[in-house]
Amino acid sequence: MNHFTLNNITITQNGSRVQYEYTVSKGIKKYFNLDKPYYAAYDQYIGDTPPSLLVIPLLANIMPISWFVGFDVHVNELDATFHESLKKLKEQFLIFHPGKELRGELHVGSLKENTIGENNTSLLYSGGLDSYDSLIRNIDKNPFLISIHGADVKIADTKRWNQFKKFNSEETIVNHERLFYIESNLREFYTYKVELLAGLGWWGSVQHGMALLGVLAPLSHTFGLRDVRIAASATHEVTYSWGSSPKIDENMKWANTTVTHDGYDQRRTDKIDNVVAYVKESRVGIKLRVCYAEARSSYNCSTCHKCQRTMLSLILSNADPADYGFIVPENLYEILFKNFNENTIMTVGILYQWTCLQDKAKEGVPFFVIKDKEKERKAIDEFANLNLGAIVNKNEIRVKKEKKLRFILKQNFPRLFKIYAKLRH
């Protein structure tokens, strides 16, 4: 049986960085960038965290790979609650991926009982709509906000990360004394072969819920974070295999913590209504940051699909998107309709988000006018009545095969792929 063995955990940089030394058997080396071992670096002191909790950030990332590939993991000690949590998480991934045989096992030298004394609240914070909605609804708890470099923004992309921190510093709704940053190579310690384990969607469909929550374990010990929250991106209305859902996130437990998949009862349009109402009532401005496109020159690129959906949602809440960090194109509706044609492939989640916007548009409520009220009303009505189910995903199998081929070519022949991309462009 192939194995992954944790040999040592080291805390460096004055008690703020956790480094993991591990070895892997020959048969699974292809899945790991062994020259880039996993680490987590904090902007706070976490040096007194016991090893049984320090190991959680690593295992939250390793165990799903272990299950899908089928290798055993060996560690010296682990928090007893998290050990039980992993059993339930494995069962849930079996339900999400019925065609997979999840075989890897965890071997622990000794289990430890841990207790977190205080009962402070923490919230993973990206500056996006989901996290702002959660912050507003939990503002009375004065939550610690935690942003992770290496999740949406690559570690090497210091320009975009510094922009992100600058934007955070400008937000008056944020308690800056409770805003923490973590850097972790949680998307770089493994090779592209891990991506192929779940159809090119490893981060989204498997990894990110466990990874983002697991990296909080040392901070939870130091700052008494017993109430841990991660913002929901969907509702109970849509069920699909996704790495962050109540069935994943709320089974992530260690010591005496409780994780809440926050806002699961709120559609994205409801969240926009909530944010707009809060801004109007409190007169505290908020700049939403919903995309990380390279073309972005300010808070958002204002052109990608996610930006378009958010701008339309704000418009349908009778709010000017320009007040929330967007540059609104005059031909927004023309751009919007280009999303819907026979070659459009959408995930279940994205299709659901457009459908929610259609439902909102059908309400006929007052909307923000960009330039021409009559023309824009007609465009909204036309959008509301599109039969998206009949338009999108017609060529799904072909498009997915082509996407997989491009991905493999890009990973194996990056220089040739760049030339191909330029020629195609």
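A residue is called buried here when its relative accessible area is under 20%, exposed when that value is over 50%, and partly exposed in between. This criterion is applied throughout to the structure above, which is a predicted model.

The overall architecture comes first. The protein contains 17 helices and 10 strands. Its radius of gyration is 22 Å, and because a compact globule of 425 residues would have a value near 22 Å, the two agree. Along the principal axes, the C-alpha atoms occupy a box of roughly 70 × 50 × 40 Å. Of the 425 residues, 53% are buried. The accessible surface amounts to about 19700 Å², and carbon and sulfur atoms account for 50% of that area. When contacts between residues at least 6 apart in sequence are considered, 73% of them join residues at least 24 apart.

The structure holds 20 aromatic pairs. In one of them, Tyr20 and Tyr38, the ring centres are 5.6 Å apart and the planes meet at 35°, so the pair is classed as tilted. That class follows because planes under 30 degrees apart count as stacked and those over 60 as edge-to-face, with the rest taken as tilted. Tyr20 belongs to strand S2 (residues 17–24), whereas Tyr38 sits in the loop between S2 and strand S3 (39–42); the pair therefore ties together parts separated by 18 residues in sequence. Tyr20 and Tyr38 are both buried.

A further pair is formed by Phe32 and Phe71, whose arrangement is edge-to-face, with 6.0 Å from centre to centre and 75° between the planes. This pair links distant parts of the chain, 39 residues apart: Phe32 is found in the loop between S2 and S3, and Phe71 in the loop between helix H2 (56–69) and strand S4 (72–79). Both Phe32 and Phe71 are buried.

Asn120 is located in strand S6 (residues 120–124). Its relative accessibility is 18%, so Asn120 counts as buried. Leaving aside residues up to four places away in sequence, Asn120 touches Phe144, Arg178, Phe223, Gly224, Leu225, Arg226 and Asp227.

Gly349 lies in helix H13 (residues 348–361). With a relative accessible area of 9%, Gly349 is buried. Although Gly349 and Ala234 are 115 residues apart in sequence, their C-alpha atoms are 7.4 Å apart in space.

Val365 is situated in the loop between H13 and helix H14 (373–384). Its relative accessibility of 29% falls between the two cut-offs, so Val365 counts as partly exposed. Apart from residues up to four places away in sequence, Val365 touches Leu316 and Arg377. Asn387 is 22 residues from Val365 along the chain, and the C-alpha atoms of these two residues are separated by 21 Å.

Conventions: Residues numbered from 1 in each chain as written. Predicted model: local features only at pLDDT ≥ 70, side-chain atom pairs only at ≥ 80, totals over all residues. Heavy atoms only, no water. Helix = DSSP H or I, 4+ residues; strand = E, 2+ residues; numbered from the N terminus. Rg over C-alpha atoms; globule rule 2.2 N^0.38 Å. Buried < 20%, exposed > 50% of the residue type's maximum accessible area, 1.4 Å probe, protein only. Contact = heavy atoms within 4.5 Å. Areas by Shrake-Rupley, 256 points an atom, 1.4 Å probe, with all protein chains shown as cover. Phe/Tyr/Trp six-rings, centres within 6.5 Å; stacked < 30°, edge-to-face > 60°.
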